[in-house]
Structure formats: structure tokens, C-alpha cells
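Trainee: I am new to this structure. Please take me through one part of it closely, and show how that part sits in the whole.

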Amino acid sequence: MRQHEDLPAEISHPAHPGHDLKLVTGGGATSFVCDGCKEPGDGDRYTCDCASVSFDLHPPCALADEATTLVHRLIPDSKFLLLPEPPAPVEGTVCDACGEPARGFVYHCFEHDLDLHPCCARLPDRILQDGRVFELRRKTSRPCGLCNDSNGRRRRFWAYRSYFDGEAVDLHVACMKDMARLSWEAAYQSRNGGGQIVQASLPNIERMLQNLPRKKRRSGFEQFIKIVRTVASIVIAVIFGNPVAMVAAIAGPGGFLRG
């Protein structure tokens, strides 16, 4: 995804014919619902305020090319096509990354019957933060701590895995999205979002790591929590379509994103 300084300032889009969409960045951005994928958004957006109700698109939704086939690195033999809505039956279709409903723009693989929100399709396969690697996996065999996933439903979807003292720590994409949703909903109602949602709180991260035995919580654990907080912020920024917040999350010493 190109960063905001490289994004076109104005575009036209078939989902909103007859009106150009202008890029809104930085302080002028608010929390919104993307009229393309119908998912929450925060930060940069393409918008049109020409009618009584504004029309907004995440940058990944606005700039996705319907004619281009997406081959996802986690599914090498996949061929995803961008569709304006999931193929019939639409009801019940969920994103195979975050597990939430796909109601609008969606990448669909007909061969494997897989669906991805446009923003979820952009999740990096590896995040390296302060020397620790977090790798994206399609499925996980364990809960991540935040979800208390007793029935194992979320383990069917994507997660980032790292290790602390040799023990695997999984972070469900769905759980990190949930962690941000309440803040996003409050910001959306008051229209004063502007990037709040990407700040993952330390109490929530503590809950995420509650599966680690307490005997493991020795030297380096507090630093690991801080690293996970930054990683969660990166993931949240990507799935809410906020590339500026993503850059801010990884701009500090020791952090960079590989996708």
C-alpha cells in the first residue's frame, strides 16, 4: 500500500459514479464506515460530501483493481478476484482472516471458496519489532488469551505467532480487531476519531498474554508486552485501513514492517 504522500489526491470510482472522491488525510480524517467493504475505518479515506450523506472508502478499497488477480502469500495457489459483494449466498460469508462478515467489497477465491476484506488482504506476513519476529499463520492450535476461545472458532482464522522463552504466543487478528472496536465505535459516534483506535492498551495486552505461565514472567516479560503492544497497533492500523497510523507505529527505533 502506498503511503499517503504517494496516494492520488482525487479519484473517480464506479461505486460512486458522477462524483470525484478526494483524499482526506491527517487531522481532517475521522472514524468512518467504508462504503466499499462496509467495515470500520480510521484515518485516511477517499470521500465525497456532495450529497446529504457522505461517501467514504478506505484507500485499499478505493485503489483496488478489479482486473488484477491477487495471489496471497499464505495461500500460494490462490487466485483472488475483487468483487463488489460476496458471491451468492451473500449472507453468512465471512472474511477468512478476521472471521467477521463480508458484506461489501471482497477478495474471493472461487477455487478454494475463500474471502478476504480488502484491508485484511494487506496484512503483512511478517512483522519484526525489536528483534522479535511475528509470523502470520492461517490457523492456530491455541487461544491467544484475550478471546478465551472455548469452542475454538477463532482458531480457524489468522493469527500472528511469536515466542517468549521458547513458548509460542499467538495473537488472533480477530481479537486485536475486537480490542479496537469499542474505541472506534465511540470515535465514530462523536466523529473525533483521528487515529485513537490504533493505541492498544497495556491492560488488554496483559490479557492477551494470560496463557503464559507465571513462572515464565521473569526478565524481559515487560519488554515483550511493549513489543506486542506495538505489533497489535500495526495490525489494527492495517485492518482499519490507516496507513499513516501504521507508519507511526513502526517508526521508532528497532521497528520495521516486512510484507
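**A close look at the aromatic cluster**

Mentor: Start with the whole chain. In the protein, residues 24 or more positions apart account for 58% of the contacts with a separation of 6 or more. Keep in mind that this is a predicted model. The protein has five helices and 14 strands. Buried residues make up 50% of its 259 residues. The protein exposes about 12100 Å², and carbon and sulfur atoms supply 48% of that area.

Now go inside. The largest nonpolar core has 54 residues. Within that core, L123, F134 and Y160 have the most contacts. Helix 4, residues 221-239, gives the largest share of this core, with twelve residues. There is a general background to this. In soluble globular proteins, nonpolar side chains tend to be buried together.

Next, the rings. The structure holds two aromatic pairs. One of them joins F134 and F224. This pair is stacked, with the centres 6.3 Å apart and 15° between the planes. F134 belongs to strand 11 and F224 to helix 4, so the pair ties together parts that are 90 residues apart in sequence. Both F134 and F224 are buried.

F224 has another ring partner, F164. Here the centres are 5.1 Å apart and the planes stand at 35°, so this pair is tilted. It also links distant parts of the chain. F164 lies in strand 12 (residues 159-164), F224 lies in helix 4, and 60 residues separate them. Like F224, F164 is buried. Together, the ring pairs link F134, F164 and F224 into a cluster.

Strand 11 covers residues 132-137, and strand 10 covers residues 126-129. The two pair in the antiparallel sense over four bridges. Within this pairing, L128 stands opposite V133 of strand 11. Strands 10 and 11 form a hairpin, with two residues between them. In the turn, D130 has a positive phi of about 50°.

Then look at Y160, another of the core residues with the most contacts. Leave out residues up to four places away in sequence. Y160 then touches a list of residues, including L123, I127, F134, L136, V169 and M176. V235 is also among the residues it touches.

For a second view, turn to another part of the chain. Four strands form an open sheet there, in the order 1-2-5-6, with antiparallel pairing. Strand 1 and strand 6 (55-57) are the edge strands, and each pairs on one side only. Strand 5, residues 45-48, joins strand 6 through three bridges. T47 has D56 of strand 6 as its bridge partner.

End with I11, in strand 1 (residues 10-11). What is its relative accessible area? The value is 11%, and the cut-off for buried is under 20%, so I11 counts as buried. Beyond its neighbours within four places in sequence, I11 is in contact with D20, L21, Y46, A62 and L63.

Key
Residues numbered from 1 in each chain as written. Predicted model: local features only at pLDDT ≥ 70, side-chain atom pairs only at ≥ 80, totals over all residues. Heavy atoms only, no water. Buried < 20%, exposed > 50% of the residue type's maximum accessible area, 1.4 Å probe, protein only. Contact = heavy atoms within 4.5 Å. Areas by Shrake-Rupley, 256 points an atom, 1.4 Å probe, with all protein chains shown as cover. Core = buried A, V, L, I, M, F, W, Y, C linked by side-chain atoms within 4.5 Å. Pairing = 2+ DSSP bridges. Phe/Tyr/Trp six-rings, centres within 6.5 Å; stacked < 30°, edge-to-face > 60°.
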